[in-house]
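Visitor: I am new to this structure and would like to learn how to read its features. Please show it to me before we start.

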Amino acid sequence: MLEIKNLKKSFSGRVILDNMNVTVKDREVLSIVGPSGAGKTTLLRCITGLEKADSGEFLIDGQSFNPQGTDTSDSVIGVVFQDFNLFPHLSVFDNITLAPTMVLKKDKNEAKAEAENLLAELGLKGKGDLYPFQLSGGQKQRVAIARALAMHPKILCYDEPTSALDPNLRREVEKLILGLKQDGMTQLVVTHDMEFAKNIADDILEVSSLDKLNQK
Amino acid sequence: MSLSYISEILPSLFQGASLTLQLFFWTLIGSLPLGIVVSLGLTSNIKPIRWVLDFYVWLMRGTPLLLQLIFVFYGLPIIGVVFHRYDAAVFAFILNYGAYFAEIFRGGLQSIDNGQYESARVLRLSYWQTIRKIVIPQVVKIVLPSVGNEVINLVKDSSLVYVIGLGDLLRAGNVATSRDVTLVPLLLVGIIYLILVGICTYLLHKVEQRYSYYK
């Protein structure tokens, strides 16, 4: 279970998130929705350690962790970026195995075998030797998911998983997320698409703009 | 333009070409790594490092290479640093080309999308792992055409070493031309430069092809 308590974040005096509390239960999907500019992405970036929160507490299974930490015990969050951010010069296999071999010091063959399993599960069997530019948007997203899962995160976070894809792929993403949920993955999905959020989420958190508060 | 005359002067031209090539290789071996390190410094967040390196690049690009050669060979001994002619040339060339390469690499570094760094970061790669495995391979592909330009320039810039009395290819041709009062040696010099640059162009093209496996 991921708990975030009293998260506060401001940029040069402008408060974006104030007193924010988020809970994601094990094996559940939490959607964070809200209008653009409300701070959804900022919230996600604080959780994933890409931004430093001004204050707040991060707990995983009751234990505190530092999203910006470099300790292996801090390595609890996996991220699927909006534009996937695959490494264009690396094959699908190398995209997935780079971090497990370099960071977790896993054996190359072991990492590759694991990557093969992940690809098979995600319907990408036989695509391991291709490069990102040879994949469709949906396939790239699944490679990004495989890359994140290879680090064995406790939570998988998505930033707007439908926005870089063809609208008719939305159903596919829903199935994908629900499939991972059945496998026991805890997931947090930031989206502006309310219908999508309702289809996948056990719980929905609405973030509203703090601009009124700022005007006071 | 008799064949016997050509075969008579070719050995001295080849001797000059050999110095040109040695200078060429040592300059590349020294200036490419120097350029990479300086470019990382130029893009760092630490201001004093940037100031120092900005000054270095300004100095190297702001003065003629010919002048730098003269200063290294004739000027540095004044403060007690004495180089042999050849070492002085290599030293000046590495410093000069390192600055140009650094600016080319800086452009390459800045064209890498921030998302690549963020991806690497959430995967917990360290700074150096990110630079080595993610950034540099992509930068190399981006900067290859510009680096190729400098490499070809270097073949010809090496002729500037005549100013500190080194006998390179062009000087060998000059000597023969003024001794024998004929342009034939310089014509041959031109042909040898063209062949050298032709080989460079071919090799650079091969390297670019090697990096064309992804878009």
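Visitor: Which helix gives the most to the lining of the second largest pocket?

Guide: This is a predicted model, in which local features need pLDDT of at least 70 and side-chain atom pairs count only at pLDDT 80 or more, while totals for chains, interfaces and linings use all residues. Residues are numbered from 1 along each chain as its sequence is written, chains are lettered from A and ligands numbered from 1 in the order in which they are written, and side-chain values use heavy atoms, with hydrogens and water left out. Helices (H or I, at least four residues) and strands (E, at least two) are DSSP runs, numbered from the N terminus. Here H1(B) gives the most to the lining of the second largest pocket, with 9 residues.

Visitor: What is the volume of the second largest pocket, and which residues are the closest to its centre?

Guide: A volume is the space filled by probe spheres set on the grid points, which are joined across faces, edges and corners. For the second largest pocket this is about 520 Å³. Of its 26 lining residues, B:Leu32, B:Leu144, B:Val147, B:Val151 and B:Leu204 are the closest to the centre. In chain B, helix H1 (3-42), H4, H6 and helix H8 (184-210) each supply at least two residues of this lining.

Visitor: How many residues of each class are in that lining?

Guide: Ala, Val, Leu, Ile, Met, Phe, Trp, Tyr, Cys and Pro count as nonpolar, Asp, Glu, Lys and Arg as charged, and the others, Gly among them, as polar. The lining of the second largest pocket has 24 nonpolar, 2 polar and no charged residues. In the largest pocket, the lining has 9 nonpolar, 13 polar and 4 charged residues.

Visitor: What else describes the largest pocket?

Guide: The volume of the largest pocket is about 670 Å³. It is lined by 26 residues, and the closest to its centre are B:Tyr117, B:Arg121, B:Ser126, B:Tyr127 and B:Thr130. H5(B) provides the largest share of this lining, 5 residues.

Visitor: How many cavities of 30 Å³ or more are there?

Guide: The count is 4. About 70 Å³ of space lies in the largest cavity. Its lining includes A:Ser75, A:Met151, B:Val122 and B:Arg124. Strand E6 (residues 77-80) of chain A gives the largest share, 3 residues.

Visitor: Is A:Thr42 buried or exposed?

Guide: Buried means under 20% relative accessible area, exposed over 50%, and partly exposed in between (1.4 Å probe, protein chains only). A:Thr42 counts as buried because its relative accessibility is 13%. This residue lies in helix H1 (residues 40-47) of chain A. Contact means heavy atoms within 4.5 Å. Leaving aside neighbours within four places in sequence, A:Thr42 is in contact with A:Lys9, A:Phe11, A:Ile16 and A:Leu17.

Visitor: What does chain B contain in helices and strands?

Guide: Chain B has 8 helices and 0 strands. Of its 215 residues, 43% count as buried. Its C-alpha trace spans about 70 × 50 × 20 Å along its principal axes.

Terms used:
1 Å grid on protein atoms, 1.4 Å probe; cavity = no way out; pocket = protein on both sides within 12 Å on 5 of 7 lines; lining within 4 Å.
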